Amino acid sequence: MKTSILYFLFASLVACTGEAEPSEEPRSGLTDGGSYYIYWGSIPQTIPFNDLFELSVMVHDGADKTKMLTDRELYVDASMPAHDHGMETEPNVTKSESGMYTVDGMLFHMAGEWELTFAVSDGTEVETASFAVSCCDQ
Amino acid sequence: MTSEFLRWATLASLLIACEEPIPEPDDTWNKIQSLSPMGELPDDPTNAVFLDPAAAALGEQLFFDTRLSADGTVSCATCHQPEHGFADPNPLSETLGTTDRHTPSVINAAWNRWFFWDGRADSLWAQALQPIEHPAEHGFSRLEVVHKLSEDTELTSSYAEIFGEYPDFSDPLRFPAQGMPVFDEPDNPLHQAWMTMNETDQQRVNRTFVNVGKALAAFEGTVTGVNSPFDRYVQERSQGQSSDALNAESIEGLELFVGRAGCIQCHSGPTLSDLQFHNIGLAPVFWADPTDVGRYEGVTALLENPFNGTGDYSDDPEAGAKKLSYLYVDAEKLGQFKTPTLRNIDRTAPYMHTGQLATLEEVVRFYNDANQVPSVGHREEIVVPLNLTEQEQAALVSFLKSLTDPAYP
């Protein structure tokens with residue numbers, strides 16, 4: 001079941017890759033060292049203003065995006081670069097048996113441009129990927 | 001398994017949608033609409049009687065009852081004065097001593113996420129208990145509170161209708177006349193008296209004391225002011241009607257508020273507060289503690305408070321835990337204080353946690369200049385000079401005055 005979904009997801013991603021308009025905010029991308037490819041989504045899909053939300057995150061091999069990596073450590077943070085501050089909450093990352101990460105405790109308390117950063121560690125090296133996120137429908 | 005599947009399905013739907021773009025930021029009118037109406041009074045799951053009218057009636061009695069103080073002169077209303085927007089017209093309040101910070105208004109306090117300027121309480125009931133035992137405020141102790149209620153059969157009868165039979169505290173060997181835990185002052189006579197009690201009796205006193213707080217909170221939940229000229233303006237305009245609720249100057253101020261002045265960045269949502277904490281860069285004043293670190297210590301105090309939403313006296317520890325789970329302390333919290341609501345702000349001068357700005361004109365000028373240097377922490381980068389003209393500053397003040405519910409003359 002999960003394998004099927006994975007390939008389904010991958011097919012969807014392939015169909016989308018490279019077709020994003022410049023104004024769109026990507027929810028997938030390579031880490032700075034190129035070792036990992038991050039897919040993420042929010043729950044609810046539209047990030048709420050000043051209320052708790054969750055993220056679902058998958059870490060894939062940067063060189064082979066069909067290969068999901070399940071033995072990495074994931075760290076998540078968010079900040080508003082223009083304000084030079086982060087969130088008022090410290091999110092909690094948990095990993096399911098399937099290897100998907102759930103991040104709870106996310107909260108964007110101010111409207112504007114946020115930078116969502118994922119850090120992936122294999123125990124020795126850490127690579128990061130950051131995504132611009134506009135917040136939020138009030 | 002079901003939850004896991006839903007997560008996969010949710011992620012799949014996101015990906016299939018080919019990374020739908022997040023909508024562009026709201027336009028001016030959408031931002032204005034985000035500020036009104038206030039909506040329903042939020043319930044407090046940690047307080048089972050929060051919406052109980054009988055509890056509110058008892059709480060109202062207690063709110064104005066000066067017997068709950070060391071010298072019989074101080075009640076909640078001593079600082080939260082109804083004729084001054086349930087706040088205090090003085091920068092700091094004079095009770096048995098002098099308060100450390102300016103007294104915030106009770107009006108609409110139920111919409112807060114955190115309480116006190118430093119957020120060291122997570123519910124109205126937990127907030128209400130602290131001034132009673134503060135030596136410079138009511139100067140009372142929880143044992144004195146439960147004994148004082150015992151003397152008044154009307155109060156104990158009201159209590160019994162809400163919380164069940166009022167406990168018997170008449171045995172002086174089990175229940176000293178005065179006492180409360182003061183763990184950082186082990187030699188304090190109040191603490192020593194408290195420690196003579198067994199744990200079961202301590203819990204009985206705590207439970208009764210907490211119920212006093214929950215009744216007070218129920219009353220405070222009825223102190224609302226949500227129908228301002230601004231609300232009428234938004235309602236009428238949203239319905240496509242013309243509106244005379246705001247004059248031209250107030251409308252100019254409103255547009256500045258959500259636009260170039262950027263006030264909405266922190267004063268957001270129907271409460272006109274992001275319910276969070278910021279260091280806006282206030283210079284120290286001689287009557288307030290220049291080393292006040294605000295939220296930096298507030299987080300720890302909240303997590304250590306046995307009366308927080310996760311504790312034994314919470315009516316829904318799970319809900320309380322959800323609120324507290326993600327708090328943390330770092331240096332950015334130095335000198336941060338809670339963003340106050342701006343509703344009814346015209347009735348609650350002076351302003352800021354020190355009460356150092358006497359008028360709304362001074363508040364707007366403070367943000368317009370943004371040139372003060374705080375004694376603790378640093379001014380957030382978001383607070384920059386606004387370069388507003390005198391007319392624009394006056395317009396902002398005019399808008400702020402339109403946020404007052406006429407119920408508070």
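Select Gly112 in chain A: its bridge partner in β9(A) is Cys135(A). Now widen the selection to strands β8 (residues 112-121) and β9 (residues 126-135) of chain A. They run antiparallel and are joined by ten bridges. Strands pair here if DSSP finds at least two bridges between them. Helices (H or I, at least four residues) and strands (E, at least two) are DSSP runs, numbered from the N terminus.

This is a predicted model: local features need pLDDT of at least 70, side-chain atom pairs count only at pLDDT 80 or more, and totals for chains, interfaces and linings use all residues. Residues are numbered from 1 along each chain as its sequence is written, while chains are lettered from A and ligands numbered from 1 in the order in which they are written.

Next, pick the turn of this hairpin. Four residues lie between β8(A) and β9(A), and Gly123(A) in the turn has a positive phi of about 105°.

Show chain A as a cartoon. Of its 138 residues, 32% are buried (20 or more other C-beta atoms within 10 Å of a residue's own; exposed means 12 or fewer, partly exposed in between; C-beta atoms are placed from the backbone).

Colour the open sheet of chain A. Its five strands come in the order β1-β2-β3-β7-β6, with antiparallel pairing. β1 (28-30) and β6 (92-95) of chain A are the edges: each has a single partner strand, so one side of each lacks a neighbour in the sheet. From one strand to the next the twist averages 25°. Zoom in on β3 (residues 52-61) and β7 (residues 101-107) of chain A, paired over five bridges. Within β7(A), Val103(A) is the bridge partner of Leu55(A).

Move to chain B and select Leu35(B). It sits in the loop between α2 (28-33) and α3 (53-63). Leu35(B) counts as buried because it has 24 C-beta neighbours inside 10 Å. Leaving aside neighbours within four places in sequence, Leu35(B) contacts Gly269(B), Pro270(B) and Leu272(B) (contact: C-beta atoms, placed from the backbone, within 7 Å).

Last stop: helices α6 (residues 142-150) and α9 (residues 199-220) of chain B. Their axes (lines fitted to C-alpha atoms, for helices over the stretch in contact; angles run from 0 to 180 degrees between N-to-C directions) lie 9 Å apart, at an angle of about 75°. Among the residues that meet are Val145(B) in α6(B) and Phe209(B) in α9(B).

Key:
Two residues are in contact if their C-beta atoms, placed from the backbone, lie within 7 Å.
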